[in-house]
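Subject: Structure handover and notes

Dear colleague,

I am passing on the structure below, followed by notes on what was found in it. Please read them with the model open beside you.

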Amino acid sequence: MSFYNFARQVTILVAHLRYHLRYEGLENIPEKGGFILCSNHISMFDPILVAIRVKPQCFFMAKEELFRFKPLSFLIRALGAFPVSRGKGDTGAIEKAAEIVESGGVLAIFPEGHRSKDGKLLKLKSGAVVVASMTGADLLPCVMKKGEKKGLRYVMTVRYGKMIPNAALGVTSARSPAEVRGANRLLSDTLSGLLEGANG
């Protein structure tokens, strides 16, 4: 068993110990990679929760500060994370993200950039749309919604929506601010709709 598969089993166990998990829309997850998973962000466990039911390995952008502690850096790199300098226009991270998608991997992004304290969707950053425009990849929308506490665990609903085809984004060039803003609105509206329909 590879280290990734071993760590995956451990994290699945941890997730079930912390949450009573409900998954919706599993039929919308492709069997193969080459797409971008876009999710809201509400807790430090989010990477685990969104990746558990996705068969291909998910690769995540993670803030560069997490890689400064070598033991942690080794662990999260082994789990598919790579560093990004937030707020600095990190072209290297964007290129790495595009390589992952083009090689058939799953790029998982939390386009809000920060965790939402109240569970409401924050304004989205453009990274997911930019990578989609570079690669021609489709977007798989996903949301997490925290519910009531049952015993020692909170109910957590993870809901996957229908794939957003790349053509629907309408981005012919990542250098077109208007097209990127329009695609981001589509993604934001889709995530908001999924949140409203998710069981809490």
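Asn-40 sits in the loop between β2 and α2 (46-51), where helices (H or I, at least four residues) and strands (E, at least two) are DSSP runs numbered from the N terminus. This is a predicted model, in which local features need pLDDT of at least 70 and side-chain atom pairs count only at pLDDT 80 or more, while totals for chains, interfaces and linings use all residues. Residues are numbered from 1 along each chain as its sequence is written, and side-chain values use heavy atoms, with hydrogens and water left out.

Asn-40 counts as buried because its relative accessible area is 1%, buried being under 20% relative accessible area, exposed over 50% and partly exposed in between (1.4 Å probe, protein chains only). Its side chain makes a polar contact with the side chain of Ser-39 at 3.4 Å, and a polar atom of the Asn-40 side chain lies 2.7 Å from the backbone nitrogen of Met-144. A polar contact here is a pair of N or O atoms within 3.5 Å; within protein, one must be able to donate a hydrogen and the other to accept it, and residues adjacent in sequence count only if both atoms are side-chain atoms. Leaving aside residues up to four places away in sequence, Asn-40 touches Asp-46, Phe-110, Glu-112, Leu-121, Cys-142, Val-143, Met-144 and Leu-195, contact meaning heavy atoms within 4.5 Å.

Another asparagine, Asn-28, is found in the loop between β1 (19-24) and β2. The side chain of Asn-28 reaches the backbone oxygen of Tyr-160 at 3.1 Å, and Tyr-160 is also among the residues that Asn-28 touches, together with Leu-140, Gly-161 and Lys-162, when residues up to four places away in sequence are not counted.

On confidence, the protein averages a pLDDT of 90, with 96% of the residues scoring at least 70; pLDDT is the predictor's confidence in each residue, from 0 to 100. Where pLDDT is low, the predicted coordinates should not be read in detail. Ser-73 is found in helix α3 and counts as buried because its relative accessibility is 9%. Not counting residues up to four places away in sequence, Ser-73 touches Leu-66 and Phe-67, and its C-alpha atom is separated by 9.5 Å from that of Pro-83, 10 residues apart along the chain.

Helix α5 (residues 127-135) has Ala-128, Val-129, Val-130, Val-131 and Ala-132 as its buried residues. These pack against β2, α4 (91-102), β5 (106-109), β6 (139-150), α6 (166-169) and α7 (177-197). After α5 comes Gly-136, whose phi is positive, near 80°.

Two loop residues are exposed. Ser-103, in the loop between α4 and β5, counts as exposed because its relative accessibility is 62%, and its side chain reaches the backbone oxygen of Ile-100 at 2.9 Å. The C-alpha atoms of Ser-103 and Gly-33 are separated by 8.6 Å, although these residues are 70 residues apart along the chain. Arg-175 lies in the loop between α6 and α7 and counts as exposed because its relative accessibility is 80%.

Finally, the second largest pocket holds about 190 Å³ of space and is lined by Lys-123, Leu-124, Ser-126, Val-180, Arg-181, Asn-184, Arg-185 and Ser-188. For such a search, on a 1 Å grid over the protein atoms alone, a pocket is an open set of points where a 1.4 Å probe fits, with protein on both sides within 12 Å along at least five of seven lines, and lining residues have an atom within 4 Å of a point. The lining divides into two nonpolar, three polar and three charged residues, with Ala, Val, Leu, Ile, Met, Phe, Trp, Tyr, Cys and Pro counted as nonpolar, Asp, Glu, Lys and Arg as charged, and the others, Gly among them, as polar.

Notes:
Grid points are joined across faces, edges and corners, and a volume is the space filled by probe spheres set on the points.
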